[in-house]
Structures are given as structure tokens and as C-alpha cells.
Amino acid sequence: MNILLIVSGGIAAYKSIDLCSSLVKQGNNVKVILTKNAENFVTQLPFQTLTKNRVYTSTFEEVDENEIQHIDLTKWAEKIIVAPATANLISKFSNGIADDLATSLMLAVRDTSAVYIVPAMNTFMYRNPIIQDNMNRLIKLGFNFVEPDSGLLACGDVGEGKFPTIDKIESFVFQEVEQDLKDKKVLVTAGPTKEFIDPFRCLTNPSTGKMGISIANECARRGAEVILVSSVDNDSISNNVKKVKITSTNDMFEAVKNNFKDCDFIIKAAAVSDYTPVQIFDKKVKKQDGNLTIEFQRTQDILKYVGDNKHEGQKIIGFAAETNNLIEYAKEKIVKKNLDYIVANDISKKDIGFGSDDNEVYIIDRHDNIKKIDKSSKNNIAKAIVDEISK
């Protein structure tokens with residue numbers, strides 16, 4: 001296989017030599033691009049010696065007059081691995097900056113699914129919202145990311161951002177995504193609902209929709225036709241996911257009711273409001289002396305409606321976000337709402353759940369089998385959930 005390895009300027013650049021060696025030993029034809037900053041950490045010689053190919057470093061070093069490097073290399077490569085990928089390079093890829101060979105080449109890539117980006121950087125840089133947004137934008141465009149390992153980093157910090165093992169990178173790059181959901185249809189709900197009191201104020205919750213979006217993306221990646229019903233609209237949602245935008249719980253109920261009947265899986269990850277105002281004021285309610293009393297009524301129980309009306313062969317997956325008696329309440333919910341699975345998480349923990357990029361969940365089936373998924377990124381949690389429900 002023709003593999004193009006792009007090495008950028010991080011301390012982990014020296015590990016790309018081992019990666020290059022391993023790729024060559026497996027019989028791949030490897031060509032290497034070193035960015036200018038990468039040459040501060042590694043030299044061309046080891047890559048040239050291992051690959052028996054020249055090493056590319058500059059857009060303007062055209063050795064072959066018949067070759068336009070940043071175009072022809074993309075045509076030649078069957079897979080492109082960027083390892084390590086620094087915060088700087090990821091941000092340039094995401095924003096279409098083309099100021100060297102590596103970034104110019106990335107704009108000429110025809111099939112983004114053949115690109116595998118391996119971030120390696122300080123934990124706080126990796127978790128920076130700007131970098132996360134840039135990665136999510138690339139994921140939406142079809143680029144693949146190999147999640148970094150956790151451990152002791154070169155700077156002395158401990159956490160995510162460590163260059164993954166060679167085995168982990170290669171297993172991700174060469175393992176074809178199993179299309180186990182091909183010809184399946186999946187409905188996912190995600191994010192909060194808003195119940196307006198007046199044009200200015202509403203009842204809502206801090207859900208960001210990240211968990212549901214990760215599940216929708218994972219189902220689409222595995223070949224499913226996916227409908228995402230959500231109030232959230234952000235760059236991380238895959239282009240292969242059909243979006244249905246809603247605001248209130250009633251909006252979500254109508255969207256689910258109109259779409260769930262021919263779905264194989266209904267995954268209800270949204271955090272909906274249980275109550276809505278009886279009266280919605282058409283003008284802003286002005287401040288007045290004394291207290292204000294607003295009467296609320298129950299909203300439609302969407303999950304129970306789906307459970308009561310599901311047909312044979314459908315799988316209904318609910319979520320239970322609780323602050324106490326997590327497993328007990330989750331099991332009760334399975335019975336009351338006729339679910340096949342429930343995913344329970346403790347929202348009292350500040351480092352997981354609402355607003356976080358991480359989660360820790362229990363997947364419980366209708367037979368009371370429990371599988372705990374320890375704290376991990378929501379993308380990893382989504383994969384574990386889909387693995388379990390698609391068995």
C-alpha cells in the first residue's frame with residue numbers, strides 16, 4: 001500500500017521514525033513529508049534510509065519537473081497518516097491555511113476518509129475548546145482521528161495528549177470500519193429543549209448534545225441512515241446525518257412521532273423538559289413587587305410514547321441522568337417505558353456528563369445485565385454504546 005506519512009513539529013516527532021519503520025516492515029511503500037518545525041526534532045536521514053524514498057520538505061523543491069508535489073502526492077497515496085499532529089497543524093488543516101507542503105497538500109485531498117490524524121500535545125492544549133472545535137470540524141468533513149493516550153507527558157503533566165502506541169495507530173488505520181449498521185435506520189435525539197415563558201425567558205438545562213451527536217456520528221460511520229432530532233446545531237455533526245431542528249419538548253415529540261415508525265433503533269439521548277408553562281406570555285414579563293407564580297403542566301413523555309408504540313424488531317434505548325440511586329432509577333425506567341436498553345450516568349459528577357467532553361456510563365438491558373463504561377471521551381462512549389446495542 002502507498003502510504004504518505006506527514007510529520008509535524010512536536011516532541012513526539014521522534015516516535016514517527018518507529019512508526020515509519022513498522023509501516024515499511026509490513027511491506028508498505030512509504031513517503032514522508034517533514035514540516036519545517038519537524039526538522040527541529042528529527043532529520044531527513046532516518047526516514048530516507050527506512051523508506052528508500054526521498055523526503056519532502058518544501059512546496060518549492062520540485063525535483064521532478066513533471067511532478068506537482070502537493071497534487072501528485074495525494075494522487076499517489078492510498079492512505080495519509082499525520083503523526084504527530086500538533087495543535088498548530090490541526091488548526092491550519094481546519095481553517096484551510098496552505099502555507100507549506102503539508103497544508104497545501106491537505107487541501108488537494110479528494111478522499112478525507114483516507115486521512116488519519118494522530119494528535120500529540122499537552123493535555124490542556126488538547127482540551128482547549130479551540131482545538132476541540134477544529135478537530136470536530138475536520139471529523140465532520142470525514143477526517144479520522146486516532147485518540148491520544150493518557151500518561152506522563154514530556155512537559156511533566158499527566159493526562160491526555162500522549163503519542164499513541166504504534167500498534168494502536170496501525171490497528172486504527174488498517175482496520176476497515178465495520179458496516180454493521182448498513183441498511184439500518186436510526187433515530188437519535190440530543191441536547192436540551194427550551195420551554196419559553198415569554199419571548200425572553202425559558203426553562204431549559206445545561207445539556208450540550210455532545211453525547212447524542214457522538215452517537216449519531218458513530219451510527220452514520222457504521223453505515224446507518226441517521227436522523228438527529230435536536231435543538232443543537234454545531235460543526236461536529238457529520239454531513240451523513242440528517243438533522244431535524246427543534247426547540248421545545250412538543251417539537252421534539254412531533255418530530256420523533258413522525259419519524260420513528262420505520263427506524264430500527266431509537267436512541268433517546270436528549271435532556272427534555274418534564275414541564276412547560278400553562279400560559280406563554282407574548283410580551284416580556286416585567287419585574288414587579290412581590291413573587292411571581294407560574295403554573296406548569298407536564299410535557300409529553302416521548303420515551304414512553306415510543307416504548308408503548310414500538311413494533312417487533314425495534315430497539316428503544318433511553319438515557320437516565322440522575323444525581324442519586326442511579327442504577328435503581330434506571331432499572332425502573334426500563335420497565336415503565338418498555339425499553340430494550342438504558343444508558344445511565346451520574347450528573348452530580350462535575351468532570352463528566354453535561355458540558356463535558358467525557359462521560360462515564362452504565363449500559364443496562366431489559367434483563368438487568370449491566371456493563372460499566374469507565375470515564376472516557378464521549379466519542380469512545382458512543383462507540384461502546386453502539387457496539388452493545390447492535391449485537
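**Close-up views of the predicted model**

**View 1. Helices α1 and α8 are oblique to each other.** The model is predicted, so local features need pLDDT of at least 70 and side-chain atom pairs count only at pLDDT 80 or more, while totals for chains, interfaces and linings use all residues. Residues are numbered from 1 along each chain as its sequence is written, and side-chain values use heavy atoms, with hydrogens and water left out. Helices (H or I, at least four residues) and strands (E, at least two) are DSSP runs numbered from the N terminus. α1 packs against helix α8 (residues 166-174) at an angle of about 50 degrees, and the axes are 10 Å apart. Axes are lines fitted to C-alpha atoms, for helices over the stretch in contact; angles run from 0 to 180 degrees between N-to-C directions. Under 35 degrees counts as roughly parallel, over 145 as roughly antiparallel, 65 to 115 as roughly perpendicular, and the rest as oblique. From α1, the residues K15, D18, L19, S22 and L23 meet I166, I169, E170 and F174 of α8. Contact means heavy atoms within 4.5 Å. By class, this contact of α1 with α8 holds 5 nonpolar, 1 polar and 3 charged residues. Ala, Val, Leu, Ile, Met, Phe, Trp, Tyr, Cys and Pro count as nonpolar, Asp, Glu, Lys and Arg as charged, and the others, Gly among them, as polar.

**View 2. Helices α1 and α2 are roughly parallel to each other.** Helix α1 spans residues 15-25 and helix α2 spans residues 44-51. Their axes cross at roughly 10 degrees and come within 9 Å. On the α1 side stand S16, I17, C20, S21 and V24. They meet P46, F47, L50 and T51 in α2. The contact of α1 with α2 has 6 nonpolar and 3 polar residues, and no charged residues.

**View 3. Six strands form an open parallel sheet.** The strand order is β3-β2-β1-β4-β5-β6. Two strands pair if DSSP finds at least two bridges between them. β3 (55-56) and β6 (144-145) are the edges; each has a single partner strand, so one side of each has no neighbour in the sheet. Strand β5 (residues 115-119) pairs with β6 in the parallel sense, over 2 bridges. I117 stands opposite F145 of β6.

**View 4. A cis peptide bond and a positive phi stand out in the backbone.** Most residues other than glycine have a negative phi, and most peptide bonds are trans. From A83 to P84, the peptide bond is cis, with omega near -5 degrees. P84 sits in strand β4 (residues 79-85). K52 is not a glycine, yet its phi is positive, at about 60 degrees. The loop between α2 and β3 holds K52.

**View 5. Eight strands form an open sheet with mixed pairing.** The order is β13-β12-β9-β14-β17-β18-β19-β20. At the edges are β13 (241-245) and β20 (370-377), each pairing on one side only. From one strand to the next, the twist averages 20 degrees. Strand β9 (residues 185-190) and strand β14 (residues 265-268) pair in the parallel sense over 4 bridges. V186 has F265 of β14 as its bridge partner. Helix α11 (residues 302-309) lies across β14 and β17 (315-322) and runs at about 155 degrees to β17.

**View 6. β19 and β20 form a hairpin.** Strand β19 (residues 358-365) pairs with β20 in the antiparallel sense over 6 bridges. The bridge partner of I364 is I370 in β20. There are 4 residues between the strands. In the turn, D368 has a positive phi of about 70 degrees.

**View 7. Helices α9 and α13 pack at an angle of about 55 degrees.** α9 covers residues 210-221 and α13 covers residues 378-389, with their axes 8 Å apart. That angle makes α9 oblique to α13. The crossing is right-handed. From α9, the contact takes K210, M211, S214, I215, E218, C219 and R221. From α13 come K378, N379, I381, A382, K383, I385 and V386. The residues of the contact of α9 with α13 divide into 7 nonpolar, 2 polar and 5 charged.

**View 8. Domain 1 meets domain 2.** The domain assignment, automatic or from a database, gives domain 1 (2-174) and domain 2 (185-390). Their C-alpha centres lie 36 Å apart. Domain 1 brings 7 residues to the contact, and domain 2 brings 12 residues.

Definitions and conventions: A crossing is left-handed if the near helix is turned anticlockwise from the far one by less than a right angle, and right-handed if clockwise.
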